[in-house]
Amino acid sequence: MDTRYHSVVLDEEKCKGCTNCIKRCPTEAIRVRGGKAFILTERCIDCGECIRICENHAKKALADEFAVLDQYEYRVALPAPSLYAQFKAVKPGSIIAALYHLGFDEVYEVAYAAELTTFAIRSYLKQYLKNNPRDKAPLISASCPAVTRLLQVRFPSLILNLIPIDPPYLTAAKCFLREKLPLLNLPREKVGIFFISPCPAKITEIKTAHEKVVDGAFSFNTIFRQLNHCLRQKLQAVNQQGSGVGIGWARAGGENLAVQVENAMAVDGIHNVVALLEEIEMGKLNEIDYVEAMACPEGCVGGALTIENPFVARVTLRKLADYYGDRELPPAVCKKGEALQKQDPHFFTHQRPLPAKPILQLDSDLSTAIKKMSQLEKILNKLPGIDCGACGSPTCRSLAEDIVQEKSQLTDCIIILREQLEELAQKLLSLAQIRPPAMGSLVEKEGKNDP
Amino acid sequence: MDRAGMSLEIPVEGNNFSAAGEAASRVKKTLLRLGIDSQLVRRVAIATYEAEMNMVIHSDGGKIILQVDEEEIKVQAVDQGRGISDLELAMKEGYSTAPDEVREMGFGAGMGLPNIKKCADRLEIKSVVNEGTTVVMGFKYQP
């Protein structure tokens, strides 16, 4: 699979070439060229900020279409817990029933898998905190893929702080494959496992995974209408498995509440996450043991592909979590977690550390990079520093960088262009004022009158 | 032949806690732009942050100077202020002369200079009481 695949893409027809998205992108991954936004794929982390900010809805996420299900004999849905918060006064059991009605043969709740993940994180942290001195930088949750990509591109020194525990949707798929697939008597390729995703980052993660565990992803938007239609038919609700502990994961702070580590903190919203990671990298938060970091405001309920207002969804989710019990991890979950770990000590963990994908470096050769850096600072001094974005780069600094990398030029800055025009106009004026001797040399006369 | 090198000067304001950390952050970003190994960048960032905090807490302000060439990374923290009267004591973990109100903010725990010593490969401190302090930190590239 192409590792540069992104689910966030541009709808060229709708893009008006404004500068809203370039200013909002946390990795400065967007430029405006030829009147259209343009995503630099090596920088994009699929956080969806641009989707959220674009008033013309020109940024969208590529998700699977429903028809793809026809390719499979057996279809499995993995609904994100945030899906439950898209509908008011509807039980998760009714939503699961509706998914069966829509043609899925099996619904494996990610909320339930989140509880197994909770168990795995708890046991990992217990071991880790026993073996490590307390004055180290905190471990960081790996459940938000936009945050893990952010670490790869902007905070590579913190990659080793990512807790090596798979996110809940992946655990859900792995549980299904282990428990249910063998009973089906079907080859793996006839079984389609689909995540129902609140965000583009998870879709990208699924589509670019080294080892294919999940076959595809639908956005809430893709299934919302059909789901709503089914819900109106008042189908018999099924018993859901996930308790409030797993359901609660969908809101900011929910993972920490489930994991119950003493010195944990939660941060949501990608720009807040960036600010916090800066502090961690500077060694300022060594008294914290665990950080839950969510790219979307309010957590997954605020995902860029959700329908309901994030704050409303958060309240709905809180009520659901409360109703289904979010205080204690069900003992049956702990038992199952232990059993899974006994069968396979690496069931919940991923072994390979993520590679760094540094986007900031100006050149792979140090002395060339140093030269480019000095050049960059010189150019930056010439630029007006107003970060207007009219050049198509998000800030004056990024324009300077683009110039050094020969992707832009100085006159792309409209202020510089005006200055150069002014100089040119002055020259034109002074040339225009020179009269031929036959008409009397005006300039000279004026000069003589000067005191 | 002239060797590639660059330097960057960042002003630091004394007693401005809300801006504290910005110089270290700029140093960090500059080094990442130069493509320097991220773990080394982190060491430089932590040491620079500690030096910057010392300037904010104890001095009337000054500047952080970053110099990079193919041999090493050098960060200097140059300030004007009351200086360090007993350098040996200042290097001790937990020793602090920070005023109570600063310690209440969670700074000035007496770990600044010891932390810098841990992070930097080379450390030189010149200080004149009632004039100011210059902290020079050197970092080597890993072989």
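Trainee: In β8(A), which residue is the bridge partner of R75(A)?
Mentor: This is a predicted model, with residues numbered from 1 along each chain as its sequence is written, and chains lettered from A and ligands numbered from 1 in the order in which they are written. Strand β5 (residues 74-79) of chain A pairs with β8(A) in the parallel sense over 6 bridges; pairing takes at least two DSSP bridges, and strands (E, at least two residues) and helices (H or I, at least four) are DSSP runs numbered from the N terminus. In β8(A), R75(A) has as its bridge partner G192(A).

Trainee: And which residue in β9(A) is the bridge partner of I196(A)?
Mentor: β8 (residues 191-197) of chain A also pairs with β9(A), in the parallel sense over 4 bridges. For I196(A), the partner is F218(A).

Trainee: How many residues of β8(A) are buried?
Mentor: In a regular strand, side chains alternate between the two faces of the sheet. On one side of β8(A) lie V191(A), I193(A), F195(A) and S197(A), on the other G192(A), F194(A) and I196(A), and all are buried, that is, under 20% relative accessible area, against over 50% for exposed and in between for partly exposed (1.4 Å probe, protein chains only). The strand is therefore largely enclosed by the rest of the structure, and the count of buried residues is 7 of the 7.

Trainee: What is the volume of the largest cavity?
Mentor: A cavity is a set of points on a 1 Å grid over the protein atoms alone where a 1.4 Å probe fits but cannot get out; lining residues have an atom within 4 Å of a point. Points are joined across faces, edges and corners, and the volume is the space filled by probe spheres set on them. The whole structure has 9 cavities of 30 Å³ or more, and the volume of the largest is about 150 Å³.

Trainee: Which residues lining the largest cavity are the closest to its centre?
Mentor: The lining has 14 residues in total. The closest to the centre are P81(A), P168(A), K202(A), W249(A) and C300(A).

Trainee: How far is C296(A) from the nearest cysteine sulfur?
Mentor: The structure holds 0 disulfides over all chains, a disulfide being a pair of cysteine sulfur atoms within 2.5 Å. C296(A) is buried, with a relative accessible area of 7%. Its nearest cysteine sulfur belongs to C199(A), at a distance of 5.9 Å.

Trainee: Which residue in the hairpin of β2(A) and β3(A) takes a positive phi near 60 degrees?
Mentor: β2 (residues 30-33) of chain A pairs with β3(A) in the antiparallel sense over 4 bridges. The hairpin has 2 residues between the strands. The residue with the positive phi is G34(A).

Definitions and conventions
This is a predicted model: local features need pLDDT of at least 70, side-chain atom pairs count only at pLDDT 80 or more; totals for chains, interfaces and linings use all residues. Side-chain values use heavy atoms; hydrogens and water are left out. On a 1 Å grid over the protein atoms alone, a cavity is a set of points where a 1.4 Å probe fits but cannot get out, and a pocket is an open set with protein on both sides within 12 Å along at least five of seven lines; lining residues have an atom within 4 Å of a point.
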